[in-house]
Amino acid sequence: MIDFELEPQVASRLKMYRMVSEHMMRPISRECDENEHVKPTQFYESMWSASAMAEVQVGNEKAKAGSGAKPEAEAATAKLRNLYTVLSTEELCWGDAGLFLSTPNSGLGGAAVMAAGTAEQKERFLKRFREGKPKWGAMAITEPGCGSDSAAVTTTATRDGDHWVINGTKIFCTAGEMAAEKSEGFVVVWATVDKSAGRAGIKPFVVEHNTPGMEVVRVENKLGIRASDTAAIVFDNCRVPFDHLLGSPEVRQDGGFKDVMATFDATRPIVAAMAIGVGRAALDFVRDFLKEQNVPIRYGISPRRLTTVERDFMEMEVQLQAARLLTWRAAWMLDLGKRNSLEASMAKAKAGLAVTQITQKAVELLGPIGYSRKYLVEKWMRDAKINDIFEGTQQINMIIIGRRILGYSSKELN
Ligand SMILES: Cc1cc2nc3c(=O)[nH]c(=O)nc-3n(C[C@H](O)[C@H](O)[C@H](O)COP(=O)(O)OP(=O)(O)OC[C@H]3O[C@@H](n4cnc5c(N)ncnc54)[C@H](O)[C@@H]3O)c2cc1C
């Protein structure tokens with residue numbers, strides 16, 4: 001049964017994220033947007049401590065509830081980890097999506113470890129994110145000749161005794177610079193161990209920070225999410241231990257690549273939640289702006305009597321709500337261990353489109369001031385589009401949805 005009631009410790013954690021958004025992200029949003037490659041180090045440190053504080057706060061809530069008072073509630077919280085991740089992602093991206101992406105954590109690299117790694121690998125690679133100094137994880141799939149078609153990866157991993165030797169170039173890797181060179185993080189790299197096996201030969205590898213042979217060669221200048229670093233990384237005879245291949249090294253034609261692709265089932269709802277956070281920021285701003293201008297939004301009257309502004313605003317709200325419900329469903333299914341690739345793609349496609357439309361409409365409704373840099377609305381419009389591109393573009397997710405609904409294979413519908 002679906003239950004939208006939040007456990008008290010989750011509600012209090014979300015409240016804290018909302019404060020982080022308001023008081024730590026928004027005040028530096030413009031500055032970070034205008035100084036793309038200047039690292040907000042103080043923000044990183046604070047966020048690292050804030051996540052430790054969140055742990056303490058959750059501990060306090062538990063203590064308040066009494067020791068052993070609600071073990072089933074705690075178990076439920078752990079069981080709904082993905083659902084709570086999308087809730088907190090929305091909250092933080094309401095603050096700033098670029099800063100959210102640059103917040104020190106295991107990021108997409110961590111999601112890949114969770115999706116493809118063994119229990120031992122999850123413990124080994126992720127435990128560092130609970131201690132020490134700020135660190136980042138990243139995931140590198142995209143190459144100069146491979147983006148939407150993940151099966152076209154040309155980076156190779158060749159076995160040499162008890163090591164893999166990785167060669168290839170990865171581009172547009174979010175948090176790549178921080179993960180590869182500027183913290184004690186790691187990059188999960190997709191490479192083929194057997195080109196003749198096609199997609200079945202593609203495997204994810206954990207490459208530790210500063211491993212010889214891994215070099216960040218460029219950091220991109222971007223349209224939006226400019227607080228986040230996006231790196232091009234070259235792997236030149238980069239050696240990693242054999243057990244850094246996530247999951248099984250066996251090349252299986254029956255579903256081997258599907259296991260790797262399962263990473264997207266976990267990451268697409270997160271990107272959808274990012275979109276919703278940015279969309280909600282724009283919507284909240286427009287609501288306040290209209291109120292200040294004494295432009296009412298009248299609910300519950302006949303659609304025939306609505307003004308264009310009211311109709312536009314309500315449409316924005318509907319799109320956001322629809323995207324949010326799809327996103328919650330996709331995350332919740334993942335928590336329940338149900339196959340969710342259809343729902344994850346639906347959420348991602350809907351939210352990516354909704355946020356681009358909502359933020360464009362927000363700029364429009366504000367008049368010329370919306371296009372100026374006086375407010376963050378124009379920035380949210382720039383930040384929005386990436387949600388319709390990474391972790392599978394709008395078009396690719398629509399194809400996946402078509403395939404799943406109609407029962408076509410990737411060969412039959414592409
Ligand atoms: C800021 C940023 C951060 C990123 N972060 C990461 C990251 O952390 N890790 C990572 O691996 N990648 C990352 N990417 C890369 C991103 O995932 C790819 O850009 C995306 O998957 C699309 O691939 P592509 O750019 O090669 O476009 P292409 O695959 O060349 O597609 C170009 C256009 O053609 C359309 N298209 C392609 N194939 C079809 C088809 N069969 N039918 C219909 N239309 C089609 C696409 O939808 C798109 O509109 C990032 C990109 C950006 C811009």
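1. The side chain of Gln-395 places an N or O atom 2.8 Å from an oxygen atom of the ligand. A polar contact here is a pair of N or O atoms within 3.5 Å; within protein, one must be able to donate a hydrogen and the other to accept it, and residues adjacent in sequence count only if both atoms are side-chain atoms. Thr-393 also faces a ligand oxygen atom, with a polar side-chain atom at 2.6 Å. The ligand taken alone exposes 970 Å², and the protein buries 65% of that; areas come from the Shrake-Rupley method with a 1.4 Å probe, and for residues only the protein chains shown count as cover.

2. The model is predicted: local features need pLDDT of at least 70, side-chain atom pairs count only at pLDDT 80 or more, and totals for chains, interfaces and linings use all residues. Residues are numbered from 1 along each chain as its sequence is written, and side-chain values use heavy atoms, with hydrogens and water left out.

3. Which residues of the shell are closest to the ligand? They are Ile-141, Thr-142, Ser-148, Phe-172 and Thr-393, out of 22 residues that surround the ligand, where near means a heavy atom within 4 Å. By class, twelve of the shell residues are nonpolar, eight polar and two charged. In this scheme Ala, Val, Leu, Ile, Met, Phe, Trp, Tyr, Cys and Pro count as nonpolar, Asp, Glu, Lys and Arg as charged, and the others, Gly among them, as polar.

4. Thr-393 lies in the loop between α13 and α14; helices (H or I, at least four residues) and strands (E, at least two) are DSSP runs numbered from the N terminus. Thr-393 counts as buried at 18% relative accessibility. Buried means under 20% relative accessible area, exposed over 50%, and partly exposed in between (1.4 Å probe, protein chains only). Leaving aside residues up to four places away in sequence, Thr-393 touches Ser-148 and Asp-388, contact being heavy atoms within 4.5 Å.

5. Two backbone angles deserve a check. Most residues other than glycine have a negative phi. Phe-172, not a glycine, has a positive phi of about 50°. Phe-172 is placed in strand β3 and is partly exposed, at 48% relative accessibility. Glu-391 is likewise not a glycine and has a positive phi of about 60°. Glu-391 sits in the loop between α13 (377-384) and α14 and is buried, at 10%.

6. In helix α7 (residues 119-126) the buried residues are Gln-121, Phe-125 and Leu-126. They are on the same side of α7 because they cover an arc of only 100° around the axis, the arc being that of the directions from the helix axis to the C-beta atoms. Their packing partners are α6 (107-116), β4 (186-192) and β5 (202-208).

7. Met-114 lies in helix α6 and is partly exposed, with a relative accessible area of 32%. Not counting residues up to four places away in sequence, Met-114 touches Arg-81, Lys-122 and Leu-126.

8. Ala-78 belongs to helix α3 (residues 71-79) and is exposed, at 55% relative accessible area. Its C-alpha atom is separated by 9.2 Å from that of Asp-335, 257 residues apart along the chain.
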